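Here's a look at how one protein chain packs together. Have the viewer open as you read.

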Amino acid sequence: MNRHHVHSYHNWYHAVSTMHGSFLLLTLAGADEFLNDRDIFAILFGALVHDVEHTGNNNDFEVKNNTSLAQKYSRSVLESHSVSETVSMLENPNLDVLKNVNDEDRGYIMNFMEEIILATDVAHHGETTESLRNLVLSQHDDTDSIKDPFFNKEDLESRLLLGRAITHAADISNPVHAKFEVAKDWCCRVSVEFSLQAMNEKKNGLPVTPYMDGLETGVDIAKMQINFMLFVVNPFFKVLAQVLPRAVCLAENAIVNTDCYREILATHLLTEEKNDKSDS
């Protein structure tokens with residue numbers, strides 16, 4: 001818990017939320033049917049530690065500032081650091097959750113965990129989404145019907161793809177929460193981190209990340225989140241629901257919550273219109 005810094009979003013609660021989301025996808029969505037016990041452990045533990053020692057900034061900020069982490073890791077800076085810190089923690093006998101696991105299983109779990117943690121880098125979002133889409137396309141036969149299941153428990157690459165998809169989905173699952181007020185609270189939390197990064201970019205004379213700047217009101221945040229939903233969240237959970245049909249509720253929640261943000265904008269515009277009429 002001490003390895004998760006006190007940020008508004010990237011903190012211990014996000015770590016637990018990601019692990020819980022992974023658990024729900026494994027159980028309620030039925031993903032565990034296509035994974036072995038080692039995979040499942042790696043996914044749950046990997047979800048818990050995927051943002052260990054997160055700085056509250058994104059990888060681009062670390063690279064642009066040439067931070068000590070950016071100098072140390074050549075790819076997926078923050079995710080690589082989380083993996084490295086997890087390995088370091090496990091070297092402590094009092095923290096080693098794998099101390100009773102044999103060397104073969106330990107190596108497998110650590111490799112699987114590293115793969116899925118690195119896949120949480122948003123830079124890999126498009127790759128993961130496209131891999132799932134290609135999987136759907138490959139399962140269509142000449143009659144355009146879908147052969148089920150999509151994943152093969154006997155194939156390591158298949159299990160790794162599912163592991164990456166589960167962890168990434170859980171990592172960005174806050175916008176698809178069944179209760180919009182919870183989703184909105186997480187959105188406000190990450191917006192605080194975005195605003196701080198934009199402020200530091202200006203302070204350091206660096207190019208400012210456009211979507212992180214100007215998040216001063218609920219309306220500004222709603223506009224930002226609608227774009228995130230339409231271009232990142234909704235397409236991903238749509239294809240996830242195709243390969244894990246029992247996760248369709250998440251894709252449905254994405255649509256509902258997007259409409260809720262649209263309602264915030266509509267209410268704001270209506271209020272502005274009324275104020276303009278009263279002023280004239």
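This is a predicted model: local features need pLDDT of at least 70, side-chain atom pairs count only at pLDDT 80 or more; totals for chains, interfaces and linings use all residues.

Residues are numbered from 1 along each chain as its sequence is written, and side-chain values use heavy atoms, leaving out hydrogens and water.

Let's start with the inside. A nonpolar core here is a set of buried Ala, Val, Leu, Ile, Met, Phe, Trp, Tyr and Cys residues joined through side-chain atoms within 4.5 Å. Buried means under 20% relative accessible area, exposed means over 50%, and partly exposed is in between (1.4 Å probe, protein chains only). The largest core has 49 residues, and L132, F151, F237, L240, V243 and L244 have the most contacts inside it. Several helices give two or more residues to this core, including helix 1, helix 7 (125–138) and helix 8 (156–171). Helices are DSSP runs (H or I, at least four residues), numbered from the N terminus. Helix 10 supplies the largest share of the core, at eight residues. Take L240: leaving aside residues up to four places away in sequence, L240 touches L25, L132, A165 and A169, where contact means heavy atoms within 4.5 Å. Another core lies apart from that one, with 16 residues, among them V190, F194, I226 and Y261.

Next, the rings. Rings of Phe, Tyr and Trp (its six-membered ring) pair if their centres lie within 6.5 Å; planes under 30 degrees apart are stacked, over 60 edge-to-face, and the rest tilted. That rule gives seven aromatic pairs. Two of them are in the table.

| Pair | Centre to centre | Angle between planes | Type |
|---|---|---|---|
| Y9 and W186 | 5.4 Å | 80° | edge-to-face |
| F180 and Y261 | 4.9 Å | 75° | edge-to-face |

Y9 comes from the segment before helix 1 (12–27) and W186 from helix 9 (residues 180–203), 177 residues apart. Y9 is buried at 10% relative accessible area, and W186 is buried at 13%. F180 is in helix 9 and Y261 in helix 11 (residues 248–279), so their pair ties together parts 81 residues apart in sequence. F180 is buried at 14%, and Y261 at 2%.

Charges show up over rings too; the rule asks for NZ of Lys or CZ of Arg within 6 Å of the ring centre and within 35 degrees of the ring normal. R38 lies over the face of Y108, 3.8 Å from the ring centre. R189 does likewise with W186, at 5.9 Å.

Now helix 5. Eleven of its 14 residues are buried, including H81, E85 and M89. The cover over those buried residues includes helix 2, helix 3, helix 4 (68–72) and helix 6.

Finally, some loop residues. N66, in the loop between helix 3 and helix 4, has a positive phi of about 50° although it is not a glycine. N66 is partly exposed at 48% relative accessible area. S76 sits in the loop between helix 4 and helix 5 and has a positive phi of about 40°, again without being a glycine. S76 is buried at 11%.

Which residue does the UniProt annotation "binding site" cover? In the unreviewed entry that annotation covers D51; such annotations may be inferred rather than shown by experiment. D51 is in the loop between helix 2 and helix 3 (59–64), and is buried at 8%.
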